[in-house]
Amino acid sequence: MYKVGLPISKLQKEVEAEAQNDHLYLPLLLIVENTLAKTKVEQESPAALQLALDNFIEENGRLNPDTAKRYYTIGKILRKQKNYDASLRSHYEALDIRLKLYGNNPDTGKSYFQIGYAQFGKGDYESALQSFEKAFAIGQNLHGKIHPDVSCACSMIGVTKYHLKEYDSAMPMLQQALDISVALYGKGLPATATRYYWIAECQYAMQDYDSALESCQQALDIRLKLLGQESEETRKSYRQIELIRRRLKVCGSSPELATQTGPSSQQNV
């Protein structure tokens, strides 16, 4: 049994030792090695990533699916590093190749979604909204209304509209994202809790505090069950529910609230 939070490099050594005596540990060793390799790649400098890509293009050419995939992966890594401008450049390259090779297909939709994500990270919500809407349209055309890609795009449209203070049009998108998640997975995934969380944020902004409390409680219940008391996501729900509780007290309402208490500081959204 391995402790949660064990450094991945130390875990690799322990699993390697076990695998030498028991081949049943080999699949776990492969997962650990892949995770460690991914972590190392994500810590690479932009210059190192670009050099590796340039070498690949020199050998294989630009206009092929593997080059697009490499641009796409680099774009995701750079976004996680909060290097949004460089991330966008990589994603635009991937999108250009994919459009030329395929037109609108699932990979093209994913590129639009990641472009929106980087634009969202920069705080360019207007551009992000356009990108998410393109991803949403492609997803619906290819997959229909009930699909994970459609749910993700729908959710980010709602969240972006929330940041633009377009609450009335944000709510239907957030609700649609929730409905798709529940239809696909039920209420047993962290993503469903996230959908409830953002619905509560929007309802709070619209001063519908009773509904916001109900949505927040749904998110909290899921997170407590799946992630436990100490998870940062659970703490966010506690902070959110405390903020709603304060507002309800100011407004003179006293509905039944969560029985557990958590951090009382306001969530930074």
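**Close-up views of aromatic rings in a predicted model**

**View 1. Tyr 162 and Tyr 167 in the interior.** Both Tyr 162 and Tyr 167 are buried (under 20% relative accessible area, with exposed over 50% and partly exposed in between; 1.4 Å probe, protein chains only). This is a predicted model, in which local features need pLDDT of at least 70, side-chain atom pairs count only at pLDDT 80 or more, and totals for chains, interfaces and linings use all residues. Residues are numbered from 1 along each chain as its sequence is written, and side-chain values use heavy atoms, with hydrogens and water left out.

**View 2. Aromatic pairs.** The whole structure holds 7 aromatic pairs (Phe, Tyr or Trp rings, the six-membered one for Trp, with centres within 6.5 Å; planes under 30 degrees apart are stacked, over 60 edge-to-face, the rest tilted). One of them joins Tyr 162 to Tyr 167, tilted, at 5.7 Å centre to centre and 55° between the planes. Look next at Tyr 197 and Trp 198: their planes stand at 90° with centres 5.6 Å apart, so this pair is edge-to-face. Tyr 197 is buried at 3% relative accessibility, and Trp 198 is buried at 15%. Tyr 162, Tyr 167, Tyr 197 and Trp 198 form one aromatic cluster.

**View 3. Arginines over tyrosine rings.** Here the charged end of Arg 79 sits over the ring of Tyr 117, 4.3 Å from its centre (CZ of Arg or NZ of Lys within 6 Å of the ring centre and within 35 degrees of the ring normal). Arg 98 lies over the face of Tyr 72, 4.7 Å from the ring centre.
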